[in-house]
Amino acid sequence: KAYQKAYDKGLEDKRLSVYNYARYKLAWCDYNAQEFDKALTKFKAVVTEENKNNSGKTPTGVNLKREALNDMVLTYSHLDATKDAYDYLKKEAGQEEAYRLTGKLAAVYRNEGKHALEVDTLSMLINIDPDNTQPPDYQSAIVLAYSNLGDRPAVRKEVTRLVELDRHQIRMVLLDIGLPGK
């Protein structure tokens, strides 16, 4: 209730930083009430307002856009919406940050025991940027996820893919330092 009052008061007084901070806190209230769609909508509204305001920080020194984008990862994990998450994060934060945050989403899936979603998320990231330094680590996590799912044929297949990714990464490093990548 207090955040709703602060939101209403900030809106009434046209104090963007107050009502946007209150909206951010209301998003967390929705998240804690397990109303994840509502929470996501509010987090997105915070990002939109911060983009309009472009001040970067609230009077308390908090960068609400960055915080909202980070907190959306948890929200998206409950909505099982990996592709939507990546697309939104890329639009609002750029490809590099979207890649990083979507990697965090995969880690949340792992911690929640959602191994199939973890595999889908990590596979998507590997396909998006196979030359990134993360794919071998992501592929190792995919092997572990399939192991946790008890899918031995998939484990064998993904271990082979891991070896291929490692070879690719080694070639990339050799080329970067000016040696022939055979």
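**Note on a predicted all-helix chain**

1. Read along the sequence, the chain runs α-α-α-α-α-α-α-α-α. That amounts to nine helices and zero strands. The model under discussion is a predicted one. Of the 182 residues in the chain, 40% are buried. Among contacts with a separation of 6 or more, 52% join residues 24 or more positions apart.

2. The largest nonpolar core contains 40 residues. Phe43, Leu69, Met72 and Tyr76 have the most contacts inside this core. At least two core residues come from each of α2 (16–32), α3 (36–53), α4, α5, α6 (95–111), α7 (115–128), α8 (135–149) and α9 (152–176). The largest share, seven residues, is supplied by α6. As general background, nonpolar side chains tend to be buried together in soluble globular proteins.

3. On the α4 side the contact involves Lys65, Leu69, Met72 and Tyr76, which meet Asp84, Ala85, Tyr88, Leu89, Glu92 and Ala93 of α5. By residue class, this contact comprises seven nonpolar, no polar and three charged residues. Leu69, Met72 and Tyr76 take part in this contact and are also among the residues with the most contacts inside the largest nonpolar core.

4. Helix α3 has 18 residues and reaches 25 Å from its first C-alpha to its last, close to the 26 Å expected at 1.5 Å a residue. Its buried residues are Phe36, Ala39, Leu40, Phe43, Val46, Val47, Glu49 and Glu50. When neighbours within four places in sequence are left aside, Phe43 is in contact with Tyr24, Ala27, Trp28, Ala68, Asp71, Met72 and Thr75.

5. Helix α7 has 14 residues; from first C-alpha to last it reaches 20 Å, close to the 20 Å expected at 1.5 Å a residue. Buried in α7 are His115, Leu117, Glu118, Val119, Thr121, Leu122, Met124, Leu125 and Ile126.

6. Thr102 is found in helix α6. Because its relative accessibility is 1%, Thr102 counts as buried, the limit for that class being under 20%. Apart from neighbours within four places in sequence, the contacts of Thr102 are Thr82, Tyr86, Leu89, Thr121, Met124 and Leu125. Of these, Thr121, Met124 and Leu125 are buried residues of α7, while Leu89 belongs to the contact of α5 with α4.

How values were computed:
Residues are numbered from 1 along each chain as its sequence is written. This is a predicted model: local features need pLDDT of at least 70, side-chain atom pairs count only at pLDDT 80 or more; totals for chains, interfaces and linings use all residues. Side-chain values use heavy atoms; hydrogens and water are left out. Contact means heavy atoms within 4.5 Å. Helices (H or I, at least four residues) and strands (E, at least two) are DSSP runs, numbered from the N terminus. Ala, Val, Leu, Ile, Met, Phe, Trp, Tyr, Cys and Pro count as nonpolar, Asp, Glu, Lys and Arg as charged, and the others, Gly among them, as polar. A nonpolar core is a set of buried Ala, Val, Leu, Ile, Met, Phe, Trp, Tyr and Cys residues joined through side-chain atoms within 4.5 Å. Buried means under 20% relative accessible area, exposed over 50%, partly exposed in between (1.4 Å probe, protein chains only). The expected span of a helix is 1.5 Å times one less than its number of residues.
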